[in-house]
Amino acid sequence: MNDLNRMELKISKFLRLGVIISGSIISIGWFLSFKFDQGTFVPFKTYRPFNILDSLQMNFILQNWGNLIIYLGLAILISLPVLRVFLSILLFLKQKERAMAIIGSVVLLGLILSFTLGIEA
Amino acid sequence: MQSLIMLPVSIIAGFLGSLLGLGGGVVIVPVLTLIFGVDIRYAVAASLISIIATSSGAAASFLRDHLTNVRVAILLEIGTVFGAMTGFLLSTSLKSSGLFLAFGGFLMFSAVMMFRQKKDSRAEINHPWAERLGLQSRFPDEGKWIDYKVTNVPFGLLIMYLAGIFSAILGIGSGIFKMMAMDGAMKLPLKVSSATSNFMIGVTASASAGAYFLRGDIKPEIAAPVALGIIVGAWMGARVMPKLNAMAIRKVFIVVMVVVAIQMIMKGLQA
C-alpha cells in the first residue's frame, strides 16, 4: 500500500468513527423526541418551505431538545465528506502533488457553493 | 408510531441495498412516498442523509482491500459535486409529479442495467489526463496484482456530472451511473469501479444534502429513523453478503423494482 492510500485509510477510519458518533447523537435525540411524536407522517404529506433557522427556533420554543440534538447529529454527518475532501487536500499538499491538491480544492469549493444554494433558495 | 415503524423498514432497506449494491435510496424513497404518503421532497432529503452514512462508514474497508482508486475518485467528484448543485437547482423548479416520473424511469433503467451481464474490459493506453495525474494503478485479484490504465477521462467526468444531477433530484447514490462512467467509459476494472463509486457517493450526497438541510427539507422525525436504520441494515448486509447467493436475490429484486417503477410512474401521472 502506498503512502497516499495509507493516509486515506486513516482518514476513512476517522470518518467511520464520525458516523458512529453522529449515529449515537441522532439516537439520543430521537429517543428524547418521542414525547413530541405525533404518531404520524401526515404533517409531511404536503411540502411546506420552512428553512433551518425557523425550524431550529420552533423546536427551541417548543423545548423539543430531542429534535435539536438530531439536527446536531445530522449536521455532523453531512460535514464528514467535506472534512474528508479537506484532509485529502492537505495530504496532496504534503506530498507536493499540486495538480491533485488543486482538483481537491475545486471539489471543496463546489461543496461549499452547493451548501449556500440551500440558503433562501 | 410511523416514525418507529420507519426504523425496521430502513434496516431492511439498508440490508437489501448493501446486498444488491444499490444503496438504500432506491428502497427508502418509494416506501416513504407510496406507503407513508410523505412528500417526495422530504423523502429524497432523508434518503441522501442515509447515503452519506453508508458511504462514509464503508470507505475504510474498501480502501483496506486496495480496491479504491482515490485519485480517480477525487477527480470525478468535480463532476458529481457540480452535478449535484445543478440537480438541487433543478429540483426547486420540478413539481412532485415530475419527480415521481423521473424516479420511476430511473428504477426501470436500473432494472434493465441489473439484468445485463457485466464484462470486464481493460484500457490499453492511458488518457493524457490520466497520465498527467497518475490515475493508473493496480488491484489484487485472486492472489495476483493486476495493473490497469484509465481512458476516456473527459467522457467519464461528463457521465459523473449527470450522476450528480440524478443523485440530488432523486435522493439516490446513483451508483449505476457511476459504474457506467468508470467501468463503461473509463475502462476501470469492475471491482475498482464499484469500490471507488462507493467511496465517492458520500461526497456527492453531501453536496445536495447540505443544501436541503439549510433549506429545512430534512425533517428530524423522518431522517433520524431512516439514517439509523440504514446504518444498521447496511452493516448487517455487508456481514452476510459473502454467505448468500446474491444473484438469486438480484433476480427477485429486479421484478420488485419493475413493479415499484410502475407505481411511481402511475403516481406521477395522477398528480
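Me: In what relative orientation do helix 1 of chain B and helix 2 of chain B lie?
Reply: In this predicted model, helix 1 (residues 2-20) of chain B and helix 2 (residues 25-35) of chain B pack with their axes 8 Å apart and at an angle of about 150 degrees. Angles over 145 degrees count as roughly antiparallel. Helix 1 of chain B and helix 2 of chain B are therefore, relative to each other, roughly antiparallel.

Me: Which residues of helix 2 of chain B are met by helix 1 of chain B, and how many residues of this contact are charged?
Reply: From helix 1 of chain B come B:Val9, B:Ser10, B:Ala13, B:Leu16 and B:Gly17, and on the side of helix 2 of chain B they meet B:Val26, B:Val27, B:Ile28 and B:Val31. Sorted by class, this contact of helix 1 of chain B with helix 2 of chain B has seven nonpolar and two polar residues, while the number of charged residues is given as no charged residues.

Me: Which helix of chain A gives the most residues to the side that touches chain B?
Reply: The contact between the chains draws 56 residues from chain A and 57 residues from chain B. On the chain A side, helix 1 (3-32), helix 2 (52-61), helix 3 (65-94) and helix 4 (98-117) each supply at least two residues. By class, that side has 32 nonpolar, 18 polar and six charged residues. With 15 residues, the element of chain A that gives the most is helix 1.

Me: What percentage of the residues of chain A count as buried?
Reply: Among the contacts in chain A with a separation of 6 or more, 70% are accounted for by residues 24 or more positions apart. Burial is a separate count, in which a residue needs 20 or more other C-beta atoms within 10 Å of its own. Of the 121 residues of chain A, the share that count as buried is 36%.

Methods:
Residues numbered from 1 in each chain as written. Chains lettered and ligands numbered in written order. Predicted model: local features only at pLDDT ≥ 70, side-chain atom pairs only at ≥ 80, totals over all residues. Contact = placed C-beta atoms within 7 Å. Helix = DSSP H or I, 4+ residues; strand = E, 2+ residues; numbered from the N terminus. Nonpolar A, V, L, I, M, F, W, Y, C, P; charged D, E, K, R; others polar. Axes fitted to C-alpha atoms, helices over the stretch in contact; angles between N-to-C directions. Parallel < 35°, antiparallel > 145°, perpendicular 65-115°, else oblique. Buried ≥ 20, exposed ≤ 12 C-beta atoms within 10 Å, placed from the backbone.
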